[in-house]
Amino acid sequence: MNALQSIDYEMIFQYAPVGMCISVNRVIKSCNDAVSTMFGYGHGELDGQSFQVLYPTMDEFLRTGDRIIPVMNAKGVYSDERIMRRASGELFWCHVSGRAIDAREPLGAGVWTFEDVSEKRPVTAELTPREREIAALLVEGKTSKIIARETDLSPRTVEMHRAKLMRKFSASTSSELVHKLVGVSR
């Protein structure tokens with residue numbers, strides 16, 4: 001018997017040390033127990049649910065989808081760190097990566113992984129949905145000009161949100177803000 005024939009892929013999926021799910025058009029078709037546990041749901045409870053239940057707001061869900069499409073079209077894969085929502089309502093930082101099964105349909109069938117990074121990056125301030133989006137893009141190292149282009153905001157509006165974030169995190173420079181957002185002490 002071929003060694004590959006004896007591999008139980010369902011068991012690998014279920015026991016992977018990282019959260020994994022299969023989705024079609026941003027609806028979870030199947031996720032492993034690591035995803036369910038991470039987000040505070042029971043086994044199989046997320047199957048058939050829209051990814052929207054994992055986002056703090058519907059607006060953040062929609063804007064993230066809009067951001068994913070051009071990246072997936074260009075690279076075939078997508079990865080970022082963003083604030084997500086557990087079933088309890090608790091917000092936490094999560095590293096998300098995905099790949100479309102058919103590159104021509106970036107939000108069609110896909111494989112996604114989730115990693116809870118809240119231990120090294122706790123959510124320590126009350127942020128608006130737009131501030132969470134700007135914070136996630138700042139953590140990626142993006143400039144206000146790039147963030148403005150990606151979010152359809154003016155650079156001035158992005159700077160206004162950055163200034164609010166700096167006040168909320170008691171940061172005196174943009175560099176200090178990013179360090180505080182990623183949980184690195186200065």
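A residue is called buried when its relative accessible area is under 20%, exposed when over 50%, and partly exposed in between, with a 1.4 Å probe and protein chains only. The model on screen is predicted, so local features need pLDDT of at least 70 and side-chain atom pairs count only at pLDDT 80 or more, while totals for chains, interfaces and linings use all residues. Residues are numbered from 1 along each chain as its sequence is written, and side-chain values use heavy atoms, with hydrogens and water left out.

**Stop 1: arginine 162**

Select arginine 162, which lies in helix α6. Helices (H or I, at least four residues) and strands (E, at least two) are DSSP runs, numbered from the N terminus. Is arginine 162 buried or exposed? Its relative accessibility is 10%, so arginine 162 counts as buried. Now show its contacts (heavy atoms within 4.5 Å). Not counting residues up to four places away in sequence, arginine 162 touches Leu138, Lys142, Thr143, Ser144, Ser174 and Leu177. Take serine 174 from that list: it is 12 residues from arginine 162 in sequence, and the C-alpha atoms of the two are 7.9 Å apart.

**Stop 2**

Move to serine 170, in the loop between α6 (155-168) and α7 (174-181). Serine 170 is not a glycine, yet its phi is positive, about 50 degrees. With a relative accessible area of 55%, serine 170 is exposed.

Next select asparagine 25, in the loop between β1 (19-24) and β2. Here too a residue other than glycine has a positive phi, near 55 degrees. Asparagine 25 counts as exposed, at 54% relative accessibility.

**Stop 3: the sheet**

Strands of a sheet pair through backbone hydrogen bonds, either parallel or antiparallel. Two strands count as paired if DSSP finds at least two bridges between them. Colour the strands in the order β2-β1-β5-β4-β3: they form an open sheet of 5 strands with antiparallel pairing. Which strands stand at the edges? They are β2 (27-31) and β3 (77-85); each has a single partner strand, so one side of each is left without a neighbour in the sheet. Neighbouring strands of this sheet are turned by 30 degrees against each other on average, direction ignored.

Zoom in on β3 and β4 (residues 91-100), an antiparallel pair with 9 bridges. Aspartate 80 has valine 96 of β4 as its bridge partner. Axes are lines fitted to C-alpha atoms, for helices over the stretch in contact, and angles run from 0 to 180 degrees between N-to-C directions.

**Stop 4: the cores**

A nonpolar core is a set of buried Ala, Val, Leu, Ile, Met, Phe, Trp, Tyr and Cys residues joined through side-chain atoms within 4.5 Å. The largest one has 24 residues, and Phe39, Leu46, Phe51, Leu54, Cys94, Trp112 and Phe114 touch the most other members. At least two residues come from each of β2, α2 (33-39), α3, β3, β4 and β5. The largest share, 4 residues, is supplied by β4. Apart from this core lies another, of 20 residues, including Leu127, Ile134, Leu138 and Leu165.

**Stop 5: α3 and α4**

Finish with α3 and helix α4 (residues 129-139), which pack at an angle of about 30 degrees with their axes 10 Å apart. Glu60, Arg63 and Arg67 of α3 meet Pro129, Arg130, Arg132, Glu133 and Leu137 of α4.
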